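Here's a quick briefing to keep beside the viewer. Have a look at the fold first, then work through the notes by topic.

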Amino acid sequence: RNQERRAGERGCLPPPAPLIWRRLPAALLLPRRQESEREVNPIEKMEEVENTSKRKAPELDSEDSSAAAVMNGHQSLPGSAAKRQNLARSCIHEVAAPNGYDLSKDEAVHGTLSNPVFNGDMAKTYPFQLDPFQTVSIACLERNESVLVSAHTSAGKTAIAEYAIAMSFRDKQRVIYTSPLKALSNQKYRELSQEFSDVGLMTGDVTLQPNATCLVMTTEILRGMLYRGSEVIKEVGWVIFDEIHYMKDRERGVVWEESIVFLPPAIKMVFLSATMSNATEFAEWICNLHKQPCHVVYTDFRPTPLQHYVFPIGGSGLYLVVDENGQFREDNFLKLQDTFAKQPSQLDGKKSGGPKASGRIAKGGNASGTSDIYRIVKMIMERKFQPVIIFSFSRRECEHHAMSMSKLDFNTEEEKDSIEQYTILDCFQ
């Protein structure tokens with residue numbers, strides 16, 4: 001309304017809003033009568049409420065022709081566990097398209113704009129079955145249209161980026177893969193070099209094969225190329241923005257924003273991110289900015305189970321407080337509270353010589369191997385929970401943790417024999 005009012009004062013009309021198509025899973029759109037008849041456990045009900053609140057289908061009038069809702073889902077399976085699996089594996093697809101966009105594509109091969117399906121020869125095949133969000137995203141890429149993929153960590157977003165790179169190799173185009181960190185760029189360069197033959201790296205420190213078909217770089221490097229008007233941009237067909245949610249950062253978010261704004265409209269983009277709350281608004285912004293459709297593929301499914309354990313200071317065990325279904329384990333939490341009641345006070349300072357001694361280095365421990373970190377790592381290795389990463393915000397603490405675990409030995413006898421044998425052969429060579 002404010003936009004229309006300001007436009008009326010200037011004597012011009014506001015730009016038309018982009019068309020929005022939404023394709024929601026059928027499990028989220030069950031009638032109330034059916035939902036009351038079936039038996040739903042609290043966790044499943046909670047997930048349904050969260051999913052519907054994040055992507056709510058718009059209420060459309062019968063005369064409104066600027067938007068349409070398309071519903072397409074999988075057939076429900078019998079049993080509450082099967083229903084839950086069906087709900088978790090589904091994905092939500094939306095698309096923002098400019099008014100007057102040419103929809104002339106072969107529907108038998110590419111499907112429709114609101115329901116993309118690819119039935120042609122794929123640029124890359126996978127040795128595993130793709131998840132629904134990966135299948136829909138690849139169909140959007142084959143339509144030569146931008147796509148925003150929002151999924152949890154380890155859900156398989158990299159497979160979509162690899163497919164976009166494979167398409168560029170097939171179509172004789174260059175592709176740019178951007179990441180927010182130099183370390184992540186180096187890691188992606190190693191991974192993509194094993195998958196593809198012509199891959200280059202461009203960071204502030206290292207430049208390898210700058211004329212390669214696939215260039216891995218930080219987003220700041222891409223913005224610098226756009227500022228300079230690099231000739232490389234003229235040969236680029238796709239740009240992949242990894243961790244696009246960095247745009248919300250107050251200090252560095254402008255780098256992503258300027259890079260997207262300065263890209264030529266002919267270049268298509270792939271945005272990879274964790275779950276976003278404003279994915280639809282982002283797609284509308286891309287649509288208004290570059291006058292091209294932008295798909296949104298969203299899934300709440302977490303393929304790697306996430307469990308929360310608590311290790312009490314001075315304790316000797318791990319307590320599961322939140323299981324892989326997101327259910328709070330109150331019985332284990334009460335056991336955890338009992339361990340605190342049984343432990344003597346740790347803050348009296350009678351052994352450490354003062355209240356400040358119970359701070360950072362006291363938790364890190366020493367080389368005698370009696371710290372909490374030592375016990376946690378030992379227990380994790382005994383229970384086969386590895387690999388494990390220990391975060392510490394102090395370089396001094398990292399040294400103490402390393403010293404406290406210097407006496408631990410996690411190699412089996414066979415591994416020790418192979419290590420000794422390799423060392424001997426290496427010496428002879």
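Among contacts in the protein between residues at least 6 apart in sequence, 67% join residues at least 24 apart; contact here means heavy atoms within 4.5 Å. This is a predicted model, where local features need pLDDT of at least 70 and side-chain atom pairs count only at pLDDT 80 or more, while totals for chains, interfaces and linings use all residues. Residues are numbered from 1 along each chain as its sequence is written, and side-chain values use heavy atoms, with hydrogens and water left out.

**Overall make-up**

- The protein's secondary structure comes to 16 helices and 13 strands; these are DSSP runs numbered from the N terminus (helices are H or I with at least four residues, strands are E with at least two).
- Of its 429 residues, 40% count as buried (buried is under 20% relative accessible area, exposed is over 50%, partly exposed is in between, with a 1.4 Å probe and protein chains only).

**Nonpolar cores**

- The largest nonpolar core has 36 residues, and Phe133, Leu141, Ile165, Leu192, Ile240 and Val270 touch the most other members. Such a core is a set of buried Ala, Val, Leu, Ile, Met, Phe, Trp, Tyr and Cys residues joined through side-chain atoms within 4.5 Å.
- Helix H7 (residues 157-170) gives this core its largest share, 8 residues.
- A second, separate core holds 31 residues, including Leu148, Met225, Ile260 and Phe282.
- Setting aside neighbours within four places in sequence, isoleucine 165 is in contact with Val175, Tyr177, Leu192, Phe196, Cys214 and Ile240.

- Aspartate 131 sits in the loop between helix H5 (107-110) and helix H6 (132-142). Aspartate 131 counts as buried because its relative accessibility is 14%.
- Beyond neighbours within four places in sequence, aspartate 131 is in contact with Arg89, Ala155 and Phe301.
- Glutamate 145 is in the loop between H6 and strand E4 (146-150), and its relative accessible area is 1%, so glutamate 145 is buried too.
- The side chain of glutamate 145 makes a polar contact with the side chain of tyrosine 101 at 2.8 Å. A polar contact is a pair of N or O atoms within 3.5 Å; within protein, one must be able to donate a hydrogen and the other to accept it, and residues adjacent in sequence count only if both atoms are side-chain atoms.
- Leaving out neighbours within four places in sequence, the contacts of glutamate 145 include Lys105, Trp238, Lys268 and His295.

**Helix packing**

- H6 and H7 pack at about 25 degrees with their axes 10 Å apart, which makes H6 roughly parallel to H7. Axes are lines fitted to C-alpha atoms, for helices over the stretch in contact, and angles run from 0 to 180 degrees between N-to-C directions. Angles under 35 degrees count as roughly parallel, over 145 as roughly antiparallel, 65 to 115 as roughly perpendicular and the rest as oblique.
- Residues of H6 that meet H7 include Phe133, Ser137 and Leu141, and among those on the H7 side are Ile160, Ala164 and Met167.
- The axes of helix H9 (residues 219-228) and helix H10 (residues 253-262) come within 9 Å and cross at roughly 40 degrees, so H9 is oblique to H10.

**A partly exposed leucine**

- Leucine 208 lies in strand E7 (residues 207-208) and is partly exposed, with a relative accessible area of 34%.
- Not counting residues up to four places away in sequence, leucine 208 touches Tyr189, Gly200 and Leu201.
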